[in-house]
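Visitor: I have a model open and would like to go through it with you. Could we take it step by step?

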Amino acid sequence: MKISFSLLAILVTLSVFVPFFIFIFKGLNNTTKTKHKAENLLKLNGFKYNLKEVWNNKFIGLTEDKKVLSYVAFKPDENQVLNLELSEIKSCEVISDYKKDIDKVTRLKHLDLKIWFYTPNKEAVVISFFDTDEAFTEDYEARRIENWKDIIDNNLKVTVNAKMAS
């Protein structure tokens with residue numbers, strides 16, 4: 001009787017914790033695969049990154065020499081790859097769109113970073129950080145986009161100061 005109760009307790013405990021660990025492992029595995037895909041794709045360009053971040057199916061990174069900002073969005077039909085020279089970037093702005101649902105709760109619809117360039121014939125680029133059509137839950141995207149906006153702005157100031165000094 002003691003053995004059967006112990007066996008039952010072990011089975012119940014495993015039935016609770018095993019699915020939890022499987023979900024964690026799958027999530028880590030998916031992030032690692034996305035990171036490797038992005039690095040393999042960008043390795044062809046010869047860039048090495050000191051600042052980089054992977055979330056959902058997206059990658060953003062700043063090269064070691066702080067001259068190129070790279071963004072990759074993996075989509076089922078086609079990957080979006082952007083390599084932006086920081087010396088060409090004029091400014092950037094966070095664009096957010098919220099919607100009110102039936103339950104009167106305001107939810108984030110999409111969150112983008114719009115980048116303008118010095119050359120007037122070059123169109124502004126929109127980097128998507130969050131879209132409800134791609135992901136159903138936020139993963140600290142608001143904090144992430146503010147962090148990358150600050151990184152870009154700080155490196156733009158360094159680039160402008162270097163141009164003024166020369």
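**Salt bridges and strand pairing**

Guide: Asp-153 and Lys-149 are four residues apart in helix α2, so about one helical turn separates them. This is a predicted model.

Visitor: What do Asp-153 and Lys-149 form, and how far apart are the closest N and O atoms?

Guide: They form a salt bridge, with the closest N and O atoms 2.8 Å apart.

Visitor: How many salt bridges does the structure hold?

Guide: The structure holds three salt bridges. One of them joins Arg-144 to Glu-53, where the closest N and O atoms are 2.8 Å apart.

Visitor: Where in the chain do Arg-144 and Glu-53 sit?

Guide: Arg-144 belongs to helix α2 (residues 141–165) and Glu-53 to strand β1. The pair links distant parts of the chain, 91 residues apart.

Visitor: Is Arg-144 buried or exposed?

Guide: Arg-144 counts as buried, because its relative accessibility is 9% and the cut-off for buried is under 20%.

Visitor: And why does Glu-53 count as partly exposed?

Guide: Glu-53 has a relative accessibility of 23%, and therefore counts as partly exposed.

Visitor: Which residue of β2 does Glu-53 stand opposite?

Guide: Glu-53 stands opposite Ile-60 in β2. Strands β1 and β2 (residues 58–63) run antiparallel and are joined by six bridges.

Visitor: What is the strand order of the open sheet?

Guide: The open sheet has four strands in the order β1-β2-β3-β4, and their pairing is antiparallel. Its edge strands are β1 (49–55) and β4 (80–85), each of which pairs on one side only. From one strand to the next, the twist averages 10°.

Visitor: How many bridges are there between β3 and β4?

Guide: Strand β3 (residues 68–73) pairs with β4 over six bridges, in the antiparallel sense. In this pairing, Leu-69 stands opposite Leu-84 in β4.

Visitor: What do β3 and β4 form, and how many residues lie between them?

Guide: They form a hairpin, with six residues between the two strands.

Visitor: Back to salt bridges. Which side chain does Glu-88 meet in a salt bridge?

Guide: The side chain of Glu-88 meets that of Lys-122, at 2.8 Å from N to O. Glu-88 lies in the loop between β4 and β5, and Lys-122 in the loop between β6 and β7, so this pair ties together parts that are 34 residues apart in sequence.

Visitor: What is the relative accessible area of Glu-88?

Guide: Glu-88 has a relative accessible area of 33% and is partly exposed. Lys-122 also counts as partly exposed, at 36% relative accessibility.

Visitor: Which residue takes a positive phi in the hairpin of β5 and β6?

Guide: Lys-104 takes a positive phi near 65°, in a hairpin that has five residues between the strands.

Visitor: How many bridges join β6 to β7?

Guide: Six bridges join β6 to strand β7 (residues 125–131), and the two strands run antiparallel. The bridge partner of Asp-112 is Ser-128 in β7.

Visitor: Changing topic: which residues make the nonpolar surface patch?

Guide: The patch is made by Leu-8, Val-12, Val-16, Phe-17, Phe-20, Phe-21 and Ile-24, and covers about 690 Å². Phe-17 is found in helix α1 (residues 2–43). Because its relative accessibility is 43%, Phe-17 counts as partly exposed.

Visitor: Finally, the protein as a whole. How many helices and strands does it have?

Guide: It has two helices and seven strands. From the N terminus on, the elements run α-β-β-β-β-β-β-β-α.

Visitor: What percentage of the residues count as buried?

Guide: Of the 166 residues of the protein, 28% count as buried. The accessible surface comes to about 11600 Å², and 58% of this belongs to carbon and sulfur atoms.

Visitor: And among contacts between residues at least 6 apart in sequence, what share joins residues at least 24 apart?

Guide: Among those contacts, 41% join residues at least 24 apart.

Technical notes:
Residues numbered from 1 in each chain as written. Predicted model: local features only at pLDDT ≥ 70, side-chain atom pairs only at ≥ 80, totals over all residues. Heavy atoms only, no water. Patch = residues over 30% accessible without salt bridge, like charges linked within 9 Å, V, L, I, M, F, W, Y side chains within 5 Å. Areas by Shrake-Rupley, 256 points an atom, 1.4 Å probe, with all protein chains shown as cover. Salt bridge = Lys/Arg side-chain N within 4 Å of Asp/Glu carboxyl O. Buried < 20%, exposed > 50% of the residue type's maximum accessible area, 1.4 Å probe, protein only. Pairing = 2+ DSSP bridges. Axes fitted to C-alpha atoms, helices over the stretch in contact; angles between N-to-C directions. Contact = heavy atoms within 4.5 Å.
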